[in-house]
Amino acid sequence: MADKQSFYITTPIYYPSNKLHIGHSYTTVAADTVARFQRLKGKDVMFLTGMDEHGQKIQQKAAEAGKSPQDFVDEMAVGIKKLWQLLDISYDRFIRTTDKQHEEAVSKIFQKLWDKDAIYKGAYEGWYCTPCESFWTESQLKENKCPDCGGAVERTQEESYFFRLSQYGQPLLDYYAAHPDFLKPEASRNEMLRFIEQGLEDLAVSRTSFDWGVKVPFDPKHVIYVWIDALSNYITAMGYPDDADGDFARYWPADVHLMAKEIVRFHSIIWPAILMALDVPLPKHVYSHGWLLMNDSKMSKSKGNVVDPVVLAERYSVDAVRYFLLREVPFGLDGNFTNEALVERINSDLANDLGNLLSRTTAMVNKYFDGVLPETREAAPLDDELAELAAKSYEEVDRYLENMQFSYALAAIWRLISRANKYIDETEPWKLGKDRAAAARLAAVLGNLCETLRVASVLLYPFLPQSSAAILTRLGQSAEVALENARFGLFSSPTPILAGSPLFPRLDLKTEIAWLDEQLEARAAAAAATGAVPATPALAPAAETAAAEAAVPEGVALIEYSDFSKLRLLVAQVTACERVKGADRLLKSTLDLGNGETRVVVSGIAESYAPEDLPGRQVILLENLKPRKIRGIESAGMLLCAEDSDGKLYLLGVDGKVSPGSAVS
Ligand code: MSP
């Protein structure tokens, strides 16, 4: 192990105040995918997750449930670990802030900060948000509510210890300047820089109004602020401070702390400042992602509008849930969770593209060769295209996953899968099957399809571990995945290929939507019966009020922001453009979408533009329009144009040069 390069990734440690929902699963599945991928790359991976079990909120919840806080969190821990097991989360360590070793380490950390004069005693007066466990000054409140969750805040006045956060503004700015990649994405980095530049205030880091937490070692009527306790988990789980030569030396500094944007401030300002005060190196990267929204509101346990990952995984399979989470929304942006989108993704990508490729291939190997492909194969130039795309897909997945671009990585794998489906149409194996003399060519065609599926299953493994193993087994391959197998030329078929049932059965959209709506109603009814916050009928279409409808011209439907946010609009740069043969109105444009991603789009603009007008121009692309074949060319997206009264089209652009791939909103 010592010669392996380490890779340490963390999720937030979650509050066990309620059952975890699909939003928590989102971060954890993302971290799991990275951890699995880095293990494939041969890294010595440490993947840490866990539970944030102290604090006023947990104490209150336990009291409401008539339990001691410890019993309450112990029970929650069982459910949370079960959820991660269900979702195939391959964590290496699970920390609970009530672990003895962690509590002792937090106490020592606080003592160290005190000894270094990074903490002093004072009096606190301000506003406290219990669900967020956050202190706020008057000016930080938004309409007298918590600026993070919008909930009620309580006036708080108590003696408190303070961390000298105000002294870390300049060191943090210097650190950000020297490490441009420390906090990603760019929007988070800019927001945090602005926050630091406004001036940091010292932070109250102890409470006296409740006692469920780690006591201040030299003043036990104070409990250490839950965020100091929680953030420390990233180093205490590695043995800090006592066992600094063991895992701490091996894994720290962490390669990436992953979390959603509402807690990025804690991870990119408070946590680095504490580490600076402790003379401990800072994590290499902090990556904040967007929210999964329902009806444009963040899913939140305190609001009650949650989607249960267990229900979804049990009905649609774990891999369908993992796929949807990572494919649907580009990581870093907010995205709406809708049942329609879930079912459509399962049908189009998993059942149609991937599932059909596997079914068609295995069925044909069985039909024409009784499940065993002969070794005599006749290659053709077309085959190279598939092999080259497979090699390129591996490079793309690697590049995208190194940058947490899960949806792009999956899109790259799906380009390979789609290419293979197209290869079936091009090679027409059913015709070859009728001609005895074409047996060697047929064997080559089916062999190439098996190769593609084998490579795809290696690339899919970090995302969909169960499906990856299922595909390899169906193809008679070892289910042991190795990254060096992600290329053509390694397929052998000593054991027969199995036809088998569909990997992802097709779903009936109407039936599923009705079923999912029922689940939500049942949840709302249960919540009403227990007096809890009812679940938002999150996935039902938003009601349009009569007043709102009256404000728009007849025949024009009012849309919700959630409708608009389904459109993924991007700035793209045209790199090449040509006429489509035999079609006077069509131009085929190749677009650069940044990050090495390219697109081909066919547009009906040839009467307004000549092909040579376009290269170099920046255009606006509707990126998530379902791909369509136009004159045999797969067109993935649409260029936006304004149409003059005489029918001339004008491509939309941007007012200045921006990076390709920039979002339009
Ligand atoms: N206990 C703190 C974290 C301490 S880490 C030192 C906490 N816990 S939490 O249970 O509220 O989890 C918040 C995190 O859960 C988010 O930052 C994100 O990783 C994940 N998510 C919860 N809801 C989410 C969405 N709706 N969408 C995306 N991520 C979500 O904060």
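**Entry 1: the sheet**

I began with strands E4 (residues 119–129) and E6 (residues 154–163) of this predicted model. They run antiparallel and are joined by 10 bridges. Within this region I noted that Ala-123 stands opposite Glu-159 in E6.

I then looked up the helices on the sheet. Helix H4 (residues 100–115) packs there, in contact with E4 and E6, and its direction makes about 120 degrees with that of E4. Helix H10 (residues 264–278) also packs on the sheet, where it touches E5, E6 and E8. I recorded about 30 degrees between the direction of H10 and that of E6.

For the strand order I found E5-E4-E6-E8, an open sheet of 4 strands with antiparallel pairing. Strand E5 (134–136) and strand E8 (203–204) form the edges, each pairing on one side only.

**Entry 2: helix H15**

I next examined helix H15, which covers residues 406–427 and has 22 residues. From first C-alpha to last it reaches 32 Å, close to the 32 Å expected at 1.5 Å a residue. I found 17 of the 22 residues of H15 buried, and the helix is thus mostly covered. Glu-428 follows H15 and has a positive phi, near 45 degrees.

**Entry 3: H12 against H15**

Finally I checked how helix H12 (residues 318–328) packs with H15: the angle is about 110 degrees and the axes lie 7 Å apart. On the H12 side, Tyr-323, Leu-326 and Arg-327 make the contact; they meet Phe-406, Ser-407, Leu-410, Ala-411 and Trp-414 in H15. I classed the residues of this contact as 6 nonpolar, 1 polar and 1 charged.

Key: Residues numbered from 1 in each chain as written. Predicted model: local features only at pLDDT ≥ 70, side-chain atom pairs only at ≥ 80, totals over all residues. Heavy atoms only, no water. Helix = DSSP H or I, 4+ residues; strand = E, 2+ residues; numbered from the N terminus. Expected span 1.5 Å × (residues − 1). Buried < 20%, exposed > 50% of the residue type's maximum accessible area, 1.4 Å probe, protein only. Axes fitted to C-alpha atoms, helices over the stretch in contact; angles between N-to-C directions. Contact = heavy atoms within 4.5 Å. Nonpolar A, V, L, I, M, F, W, Y, C, P; charged D, E, K, R; others polar. Pairing = 2+ DSSP bridges.
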